Amino acid sequence: MVLGLLSWAIASSPGWSSVQQSYFDPAEARLALPEVAEAFVFNVRLFLVAEVTILAVALVVAVIRVLPSPALMPLKLVAVVYTDVFRGTPTILVIFLVGFGFPALRLEGVPTSYFTLGLIALTLSYGAYVAEVVRAGIQSVHPSQVSSARALGLTYGQAMRLVVLPQGLRRVMPPLLNDFVSLQKDTALVSVIGLVEALRAAQVRASNDFNFTPYVVAACFFIAVTVPIARFADWIALRQLRREQGRVLG
Amino acid sequence: MRRQATERAASLLQVEAVRKRYGRNDVLAGIDLSIDTGEVVCLIGSSGSGKSTLLRCLDLLERVDDGTIWFEGVDVTDPRINADVVRRRIGLVFQAYNLFPHVSVLGNVTMAPRRVHGRRRREAQDEALALLDRFGLAAKAHVFPDSLSGGQQQRVALVRAVATRPRLLLLDEVTSALDPELVGEVLSMVAELKDEGMTMLIATHELSFARDVADRVCFLHAGVVHEQGPARQLLDSPREPRTRDFLRRFHAR
């Protein structure tokens, strides 16, 4: 009903026909599709690799932050400063700084491929966010779980790996997947250091033809990937709810 | 040091003048206690008398502020001692069961044998299933803990502790969180463990159970062992006025 009214209002607006021409031109869409699709593969690749590196960084940082040992205070301080700095800095700025700053150092061994630089930037930025989500998960597990694991003779590391993390991560799965949805979109930001990904490809096409339809095509690609992740997050949350209500193993 | 160690080998556990304070609160104010292999000792006393804290200290989950704990002839309060190695030989079962909710009953029972004692998966599972079967829990092996009753969960927690073959089993008010009708099944399992010769230190409010099962009962008051003796003697004709007072109040409830 609301959607119907809204689309009627838009379609009957005085500027609609020109908007339709410059944003929803089927011929232009057909033209842009292969280029945008080809570039979008890059986004997906970056996303898949970044997901793994981000999770690894986040796990390490989160575990360091919850370690009880006072001897590791300096390490914990580093972890706190890292999360504070990178959570506070806009991702696009991190990409600029890493993308142009690292190569400018001209150091041996510093990666110069834009893919790697983009990956490093996204990992630094998202690692800080995800570390906080993981830490919240770890802290949501009752200390008595650690007590009973230690009482059985498990070491701190084993208690963390076998008892705390499986429970904590499962609990924060929905927000974790939400961050990954957001990451999938932010892969478009690496276009600012000159990488040809879906947004950039659309941009090139759009400025050639003075038509914005390629942007809409790119948007459709992003939506097509994020919607399944969102549904997956829903499904995970639902399954978790069922499990907690006590069900027999399948 | 070595001379002392051999001297103490007689008792499985020897607690000497153990103190523990939280802030300004002396929870343990000089505990002396010894337990021999095969003995079953019950700790009684009102809430806050230090029973749980003592058990946590004995399993090295808490560090004592002062005093010495000898276990199998070794001073385990020595800071150079690897606490993980000591804990492998002591079992502790909690009031709130503390099963791992993310793994099945079988996973709970086999975790320590596999990860701590290096048993093979198959072997650990066979032994766990045999233990579960013996305590009437075989049908629950592949179920998640949350779908069990409190009594069943606590029995699984006992099986989980027994599966590590501890030299000493500490029970921290294992029936206090249970509905009255579920207490019996857990207590009869504890009695069965006694018959098998398990050495146990049991903090409990179940006085009639203590009378039946314990070789010795210790009354904890204000962080010290106020009185101890054979179960019947201490529970039926205590010498100390405070013990008498506690028992009277207990029976009046």
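**Exercises on chain B**

Gln154(B) is buried, with a relative accessible area of 0% (buried means under 20%, exposed over 50%, partly exposed in between, with a 1.4 Å probe and protein chains only). The model is predicted, so local features need pLDDT of at least 70 and side-chain atom pairs pLDDT 80 or more, while totals for chains, interfaces and linings use all residues. Residues are numbered from 1 along each chain as its sequence is written, chains are lettered from A in the order written, and side-chain values use heavy atoms, without hydrogens and water.

**Exercise 1.** Describe the surroundings of Gln154(B).

*Step 1.* Start with the helix: Gln154(B) is found in H6 (residues 150-162) of chain B. Helices here are DSSP runs of H or I with at least four residues, and strands are runs of E with at least two, numbered from the N terminus.

*Step 2.* Look for contacts, meaning heavy atoms within 4.5 Å. Leaving out residues up to four places away in sequence, Gln154(B) touches Val93(B), Phe94(B), Gln95(B), Tyr97(B), Val174(B) and Val186(B).

*Step 3.* Now follow the side chain of Gln154(B), which reaches the backbone oxygen of Phe94(B) at 2.9 Å.

**Exercise 2.** Which strand order does the open sheet of six strands in chain B have?

*Step 1.* Trace the pairs (at least two DSSP bridges between two strands). The order is S6-S7-S8-S3-S9-S10, with mixed pairing.

*Step 2.* Find the edges: S6 (90-93) and S10 (224-230) of chain B each pair on one side only.

*Step 3.* Zoom in on S3 (residues 40-44) and S8 (residues 200-203) of chain B, which pair in the parallel sense over four bridges. In S8(B), Ile202(B) is the bridge partner of Cys42(B).

How values were computed: A polar contact is a pair of N or O atoms within 3.5 Å; within protein, one must be able to donate a hydrogen and the other to accept it, and residues adjacent in sequence count only if both atoms are side-chain atoms.
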